[in-house]
Amino acid sequence: MPGPDKETDLTERIEAFLSDLKRGGSGTGPLRGSAETARETTALLRRITAQARWSSAGDLMEIIRKEGRRMTAAQPSETTVGNMIRRVLKIIREEYARSRGSSEETDQQESLHKLLTSGGLSEENFRQHFAALKANVIEAINELLTELEGTTDNIAMQALEHIHSNEVIMTIGRSRTVESFLKDAARKRKFHVIVAECAPFCQGHKMATSLSEAGIETTVIADAAIFAVMSRVNKVIIGTQTVLANGGLRAVNGTHTLALAAKHHSTPLIVCAPMFKLSPQVRRLTNEPDFYNFCEILSKVNVHCPVFDYVPPELITLFISNIGGHAPSYIYRLMSELYHPEDHEL
Amino acid sequence: MADSGETGGPVKKDGIQQAKTEGKELTKEEKQRLRKEKKQQKKSKEKKDEKASQESEKEKKPVSSASPASQPPTQPITPKAPSAVPTLVPVPASETPAPADKPAKSKAEMKAERRARQEAERASKQGKKGEVGQQAAPGKPKAPPSELQPVVKRLPEHVQVDNPEVLKKLAKKLERQQIPLRSDYGYKVSLFSHLHQYSRKAPLTQQLSIPSTVIHPAIVRLGLQYSQGIVAGSNARSVALLHAFKQVIRDYTTPPNEELSRDLVNKLKPYISFLNQCRPLSASMGNAIKYIKKEISNIPSQCKEEEAKSKLLNCIDRYIDEKINLAAKAIAKSSIEKISDGDVILVYGCSSLVNHILCEAFEKNRKFRVIVVDSRPRLEGREALRRLVQRGISCTYVLISAVSYILPEVSKVFLGAHALLANGYVMSRVGTSQIALVAKAFNVPVLVCCETYKFCERVQTDSFVSNELDDPDDLIVTRKGKTQLEHWQEVPSLGLLNLVYDVTPPDFVDLVITDLGMIPCTSVPVVLRVKNVDQ
């Protein structure tokens, strides 16, 4: 029986993934983009579904939740891991419900009648065994993977709707999504990009070189000059690390200042974020930034170097995701479509 | 032609007209001289016409009787003043007799005529009123000139780099003064094509011969210190400039047949051009230079050289003492009232005045802690950090991108200024406006500390029209062993922008602390006016 081998193989892979996550955020900046992380997480979850021993949907969900908790604990700032786990849990619930025969629509709605009489799905314990469940779940996860692979292209396809000729666009740091967005628009239109370098990691430099190699007129400015040049900027397009449940952002350091400057000049702020970055978290009041110790001469001084900034939803004009454009006030609705409320806490 | 020989202006103008009518070919120098004279004439006409309206009236009256013949030819050309008093017509007529019948008149001359006519009309109206009370007349014309004084300033050269004529003029001027011209470096962002962009690796002194015969060695050293950034910060630069000028004055000897008051000013002009080439002059330096020039030209001609020199040296010492040192003490005194125990104060970059205030407050046993915000590429905050920690003040250090993270802890923001503009905008190191913006969003009070000698009559609303572009190579940095922008010059569509200054709108600033007291940002023109009237 290849069972035990499969299991050890599976555990090995999970361990490898966990150590990768831990290493990835250990102070040298993210080693890989969040798209890759999302894809790897989903692939790993598919493997778990295929190889782990489970008999009912509830078992599977328990296994996934357990592994998911370990993964999120390994790297709390990498929220895509948690998001993918929640997506897969939602998939399992849906597949289970479909197998049982009840339509998805009624399950979704939290009608007052349902709340009073049956309590909805919360009384379900997912103990029923369905033979086709495994295959269905794996198929759905495959669909999810295809969706993930196409996110950047889907976002880039919308570029021409938002960028016109002779515009001055400002961005900060390095975002692969924004890079492909701008490069796609540059094929047809001519515009100018100003990149804020985003100290101390100065990832804006890499972004600028990559954009200029595609023939886009690029200018690199220091972070301190963001407000000074903002009066000439037509649009601000940024990427983000996470989109929060209230429509706010958890983005790279300096984004809040950029958003405030854009608000002051009434410049639209557009966020290019694929759906897998949407996280049901809200901003934690005890703002837990990731500290990174910066080389400092004197030991008598406190040095702060937060990696992320919180941007409130009032400063954001538009979200562009792989399923289209949305206002920040719509994000909560998308949340309920992607994740089940019970999965918000893993 | 020789009938109007009272004022020097008309005579010269006659000379010009004469030369033109005679068809003489004017050489370049003569053309320059003539242009200068025309400009001086225009200025003197605008200033003196109203003051000396009575005298000119009286003088012109006999002229009018002497040149009635010139009236008819001018009348078809001056149809705008038919109702004018007959004494009026000869005023412009006496100044432009010859080409009155010449059809080919330049536009500038016609403009000058019209302006002179208007001034004369205004003057006559005032003269009519003043004729009754002539004692009051000299007092009255004095007040209007200060209001109606048309401030037609020439646009400074350093914001007209995209105009090739201006560049040519500058090159000629520098050639005359024997100062090398510094060439621009690197690809300039199109928004800033009207500004210079120099490289620190090519200082101007490399193009000078050593020892330089034209420029005093103290000035050469100062220029090098400016261009390499060794002396930076508006107070430091002004003080260094004044000390260098003191040295120049000490080593100066009046050449024979020259007056110290005029010759020394001419000696200083090439030095100022040189320093301007090394690094554009700051507002505080500009004010200091104006003061020195005024003091020099006010030296009476019968003063002996030694006496004059020691007087000038004393003046400079007093200026430094009053405007910088004592002002710092006064500002520190008022600021300490604003610092309370338990405060968390945010400062940006390295401002000598703000550092002084914090050290003084610490001496007075106020309990506070400081957050120093710094920014690339200059990283001046590290210097401020060093100075504060040496005194024993507890500090925190962040980069400017973390400002919105740290601001909830802050109770006050103290900012220094490079200059305060006449419309209330604060010109300071780039990044200051950003900090003021974020502080405003978090409702943290912003206090700007600035001495009055940095107040400037310019107005500006954005950071583009007049700024300084620093060496773009400063932005290049190595991270994780890779230097991304190393070959930025080879990529045609890539530009680096290293701004030095930016302007903060007055609605972000809550209070300006000056040596004259604590004023709101909008009271800057009031202070300027008070200063001008005093001087």
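Select the interface of chain B and chain A. Here 19 residue pairs are in polar contact, both residues at pLDDT 80 or more. A polar contact is a pair of N or O atoms within 3.5 Å; within protein, one must be able to donate a hydrogen and the other to accept it, and residues adjacent in sequence count only if both atoms are side-chain atoms.

This is a predicted model: local features need pLDDT of at least 70, side-chain atom pairs need 80 or more, and totals for chains, interfaces and linings use all residues. Residues are numbered from 1 along each chain, chains are lettered from A and ligands numbered from 1 in written order, and side-chain values use heavy atoms, without hydrogens and water.

Next, pick Glu197(A) and Arg376(B). Their side chains form a salt bridge, 2.6 Å from N to O. The term means a side-chain nitrogen of Lys or Arg within 4 Å of a carboxyl oxygen of Asp or Glu. Chain B and chain A have two salt bridges between them.

Now show both sides of the contact. Chain B gives 49 residues and chain A gives 48, where contact means heavy atoms within 4.5 Å. Together the chains bury about 4200 Å², 64% of it on carbon and sulfur atoms. Buried area is the accessible area (1.4 Å probe) that two parts lose on being put together, summed over both.

Color its 13 helices and eleven strands. These are DSSP runs: helices (H or I) of at least four residues, strands (E) of at least two, numbered from the N terminus.
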